[in-house]
Amino acid sequence: MFSTGTTLPEVMQSLFGCFCMKKVKRKAGYEDPIILASETPFTVNEVEALYELFKKLSSSIIDDGLIHKEEFQLALLSNSNKQNLFADRVFDLFDVKRNGVIEFGEFVRSLSVFHPNAPEADKIDFAFRIYDLKQTGYIEREELKEMVLALLGESDLTLCDNVIDTIVCKTMTEADTKDDGKIDQEEWREFVAKNPSLIKNMTLPYLKEITLTFPSFVMNTEVQD
């Protein structure tokens, strides 16, 4: 590696360069925690703790630094083969680049919507997009019914078709104030304002304590909040 005429400064420079390269080496999709913290409610330390969580999720099946749909389903449903419309929709919304995987930056930015300090408007919008299966900017009756069935299935609740139709019909009647057979974003915001429980699950309190859940990041943190 070095010749007999190599000087000490040259050796030190080479070794330091190698050290720096090893230190900053990250897998595909990694983004600077400082930048992510500036764009989300998370602190730098919380973003670094989220990276520990991300590494666990992204290596559960395929260790490539990216979260695949099967890994996402495994985390949400404890089953990588179980099909669930709700899980599929959330994955699709996290997959901002629409390339079939979730990168670290996408993971943090999307998860930030569930932070207790995230604006309520962002939570309402995210929930709307979950129900907007066709991505038309509206929630139609069939989309609403499909999502209700998916949520009931995830909760292991079984209701007869008549009861489900009644729930869907009642929701459309209350939310579709323009009576055009679909729910737009304005109607959705008004409906949520009257029924705040609709976005109750859009807030995950433990995200404010993520550094306690994944303390190992402290040994690797480069920035103090």
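**Before opening the model.** I jotted down the handedness rule: a crossing is left-handed if the near helix is turned anticlockwise from the far one by less than a right angle, and right-handed if clockwise. I also noted that helices (H or I, at least four residues) and strands (E, at least two) are DSSP runs, numbered from the N terminus.

**What I'm looking at.** It's a predicted model, where local features need pLDDT of at least 70 and side-chain atom pairs count only at pLDDT 80 or more, while totals for chains, interfaces and linings use all residues. Residues are numbered from 1 along each chain as its sequence is written, and side-chain values use heavy atoms, with hydrogens and water left out.

**Overall count.** I found 11 helices and 4 strands in the chain. Of its 225 residues, 38% count as buried (buried means under 20% relative accessible area, exposed over 50%, partly exposed in between, with a 1.4 Å probe and protein chains only). I then looked at contacts (heavy atoms within 4.5 Å). Among those between residues at least 6 apart in sequence, 57% join residues at least 24 apart.

**α7 against α10.** I looked up the geometry of this pair. The two helices pack at an angle of about 115 degrees, with their axes 10 Å apart. Axes here are lines fitted to C-alpha atoms, for helices over the stretch in contact, and angles run from 0 to 180 degrees between N-to-C directions. The crossing of α7 past α10 is right-handed. On the α7 side I see I124, D125, A127, F128 and Y131, and they meet Q185, W188, R189 and V192 of α10. Sorted by class, that contact has 6 nonpolar, 1 polar and 2 charged residues. For the classes, Ala, Val, Leu, Ile, Met, Phe, Trp, Tyr, Cys and Pro count as nonpolar, Asp, Glu, Lys and Arg as charged, and the others, Gly among them, as polar.

**I199, while I was there.** This residue lies in the loop between α10 and α11 (210-213). Is I199 buried or exposed? I199 counts as buried because its relative accessible area is 8%. Leaving aside neighbours within four places in sequence, I199 is in contact with E120, K123, I124, A127 and V192. I199 and K123 are 76 residues apart in sequence, yet 6.9 Å apart in space, C-alpha to C-alpha.

**α3 against α6.** Next I checked α3 (residues 44-58) and α6 (residues 104-111), which pack at about 120 degrees with axes 10 Å apart. Their crossing is right-handed. From α3 the contact takes V47, L50, Y51, L53, F54 and L57, and from α6 it takes F104, F107, V108 and L111. What classes do these residues fall into? I got 10 nonpolar, no polar and no charged.

**How covered is α6?** Mostly: 7 of its 8 residues are buried. They are F104, G105, E106, F107, V108, S110 and L111. Those buried residues pack against α2 (33-39), α3, β1 (67-68), α5 and β2 (101-102).

**E31, next to look up.** E31 sits in the loop between α1 (8-24) and α2. E31 counts as partly exposed because its relative accessibility is 24%. Not counting residues up to four places away in sequence, E31 touches L36, F104, G105 and R109.

**Largest pocket.** The largest pocket has a volume of about 1,100 Å³ (grid points are joined across faces, edges and corners, and a volume is the space filled by probe spheres set on the points). Of the 37 lining residues, F86, V90, F114, L151 and N201 are the closest to its centre. Which helix gives the largest share of the lining? That's α8, with 6 residues. By class I noted 30 nonpolar, 5 polar and 2 charged residues in the lining.

R98, in the loop between α5 and β2, has a positive phi of about 55 degrees although it is not a glycine. D179 also has a positive phi, near 55 degrees. I placed D179 in the loop between α9 and β4 (182-183). D179 counts as exposed because its relative accessible area is 68%.

How values were computed
1 Å grid on protein atoms, 1.4 Å probe; cavity = no way out; pocket = protein on both sides within 12 Å on 5 of 7 lines; lining within 4 Å.
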